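Reader: I'm new to protein structures. Could you walk me through this one, feature by feature?

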Amino acid sequence: MQLTQKIIAGLKQYWPTSLAAIILSIFFTWATLIQPSGYYDFRFSGGRLYFLAVLLFLGYVWLIMMVEQQALSFFRSSLVRAKVLAPVSANWLYFWVPVILILAWLPYVLVTWPGVLSWDGADQLNAYFQVAMPPQDIHFYGIDYNGAQQQFYLTNHHPWFTSLVLGSAFKIGQQWFSGLAGGLATIVVLNMALLVTALSRLAIQIFRYAKLWGWLTLLFFALLPAFPIMAVNVNKTALAVAVFAFFVSALLRLWQQPQKWQRWLALLTISIFLGLVRNDSFVMIGAAMVFGLFYRRVRKPLLTVGIVTLLALSVWNRVVLPAAQVLPSEKVEMLAVPNQQLARVVVKDANGLTTDQRQELSKFTDVNALKAAYNPTFYDPVKHTFYYYPANFWQRGKTFQQNQAALKNGYLNRHFSDYLKLWLAVGSKNLGQYTAALMNDAYQYFTFIHNPVQTDLFLGGGVVPYENTTLFTGYHQNHSRAINQGQSWLNHLSQFPGIKLIFQTGLWGALTLMLLAMAIELRARLAVGLGMIGVGVLAVAAISPVNGLSRYIYPLYFLLPLMLAYMTWQQGRRHQNDDQ
């Protein structure tokens, strides 16, 4: 009886870290027991499976709890006193912090000059210039791409604002510096300027709180390969990450002075920009609003900024994009979870769907192609089997109104409610398969067991035939040396144990949950807010169309160092107050 009471009392006292340990242990246990090949099924079955699952789960809970408690002991110790808290506010920071970042990242720029061009960036530039689409023997979204008279059209598949920025920079560079290399290099310089400015701003803010953590944060930003890799890649990632960093910086400044209307306006402005560069940004903005509900200090500004931002983005999507003749993103992009679940049932259980349900599903997708394409941890192949675009959609010379009407008449758009009913009906009889599909999609973001390095930004470019338009004539021929040596450098770099671990997406997800739990127990409010935004990043990643890729968790690369810095600073302040 006394033992039970002690356990209950401990759970009440340590419920945040206990909950984080339980959640992470579920994913760690899953990753340990599955066979990471084929359909990611369990290695064992029956009683042996249940016994091992319980044993592993309890072991992981204990291990993670021990790590969390040791970290909490450090934060509560005398080590985080005055030395850690010594601030730096010298003007030299504004010069030397960005210079250090530029010098650290410059080798990546030189090795890959004039820039790394690959799938997403080529797609965005092709859409911006609406160039002719090369005919290809591929079949995506229910149509063939082998027409002789095809062209790219403006869509919001990749946020149109980012395509507008990249396309404008490319056009300026192409005209001023005569050619493809000038266009690509201009985007790289823009990426560098945005990332260096945004991360320098965050590092300087940390310096103002604690000198030691300022230097550690700056060195982390300078030496982590992910940031310069973002800079040299010609696509939307660097722009989105930089704006996200500005958003976090504005949030920190609002916390310091919530009474100033200038802080409200700055956060509102950057929040709207965040919505323009990320289609899923409402999740992170919503997480900030939830944080505001719990803390009176920033409740009014965060709720006000969040509501106004969401209204502004609604106007952008419903009014501005149609006026600019930009087609909406494909609806199948947001159906990663249900489509993967349906695909797993089709593959794993011949009797999982009734005859009527299979016929109904065949109206939305090519069922045989779906079965052949299913990958338990990667949604894109399944996505491409769904019927979305009507035949000859990419035919050259069509008006926006024609394309808009064609999309509205598409079967998935007209019968979306029927699709949802089908998904729910199949799920009611196949809960186990649905759970397995969801876990296989999500676990890679919360554990680094059986989780290979999954970075989709490289130092070696190359445009697939579908994207290789006249816009990029000569890229492979004239820049093959940069393409090859850049990727070779990254391959060698990834072999170092520490670098390889850093590129594990699950490491960052696990650390985010653990640090958030510790911040709650330490009552480090600002770190709690940053951690809640980090959970928003993970939520988007776990249900993302492309699973397990590190690009989806890049904001955690600066959120976690900030959480550590503020947790240390706040505990140090408490130690100083106790001493006095």
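Author: Let's go from the whole chain down to single residues. This is a predicted model, where local features need pLDDT of at least 70, side-chain atom pairs count only at pLDDT 80 or more, and totals for chains, interfaces and linings use all residues. Residues are numbered from 1 along each chain as its sequence is written, and side-chain values use heavy atoms, with hydrogens and water left out.

Reader: How many helices and strands does the protein chain have?

Author: Helices (H or I, at least four residues) and strands (E, at least two) are DSSP runs, numbered from the N terminus. Here the protein chain has 28 helices and two strands.

Reader: What share of the residues count as buried?

Author: Buried means under 20% relative accessible area, exposed means over 50%, and partly exposed is in between (1.4 Å probe, protein chains only). In this chain of 580 residues, 54% count as buried. Accessible areas come from the Shrake-Rupley method with a 1.4 Å probe; for residues, only the protein chains shown count as cover. The chain's accessible surface is about 25,500 Å², and 63% of that belongs to carbon and sulfur atoms.

Reader: How do I read the way two helices pack, say α11 and α12?

Author: Angles under 35 degrees count as roughly parallel, over 145 as roughly antiparallel, 65 to 115 as roughly perpendicular and the rest as oblique. The axes of α11 (residues 237-256) and α12 (residues 261-277) come within 9 Å and cross at roughly 160°, so the two helices are roughly antiparallel to each other. Contact means heavy atoms within 4.5 Å, and among the residues making it are Phe244 and Phe247 of α11 and Trp264 and Ile270 of α12. The contact divides into 16 nonpolar residues, one polar and two charged. (Ala, Val, Leu, Ile, Met, Phe, Trp, Tyr, Cys and Pro count as nonpolar, Asp, Glu, Lys and Arg as charged, and the others, Gly among them, as polar.)

Reader: And at what angle do α2 and α3 pack?

Author: Helix α2 (residues 15-33) packs on helix α3 (residues 46-75) at about 135°, with the axes 8 Å apart. That makes α2 oblique to α3. Residues that meet there include Phe28 in α2 and Tyr60 in α3. This contact has 17 nonpolar residues, six polar and one charged.

Reader: Where is Gln325, and is Gln325 buried or partly exposed?

Author: Gln325 is in the loop between α14 (296-323) and α15 (336-348). Its phi is positive, about 60°, although Gln325 is not a glycine. Gln325 is partly exposed, at 42% relative accessible area. Arg523 also isn't a glycine, and has a positive phi of about 55°. You'll find Arg523 in the loop between α26 (505-522) and α27 (525-542), and at 56% relative accessibility Arg523 counts as exposed.

Reader: Which residues is Trp423 in contact with, leaving aside its neighbours within four places in sequence?

Author: Those are Pro338, Gln341, Leu342 and Tyr434. Trp423 itself lies in α21 (residues 416-429).

How values were computed. Axes are lines fitted to C-alpha atoms, for helices over the stretch in contact, and angles run from 0 to 180 degrees between N-to-C directions.
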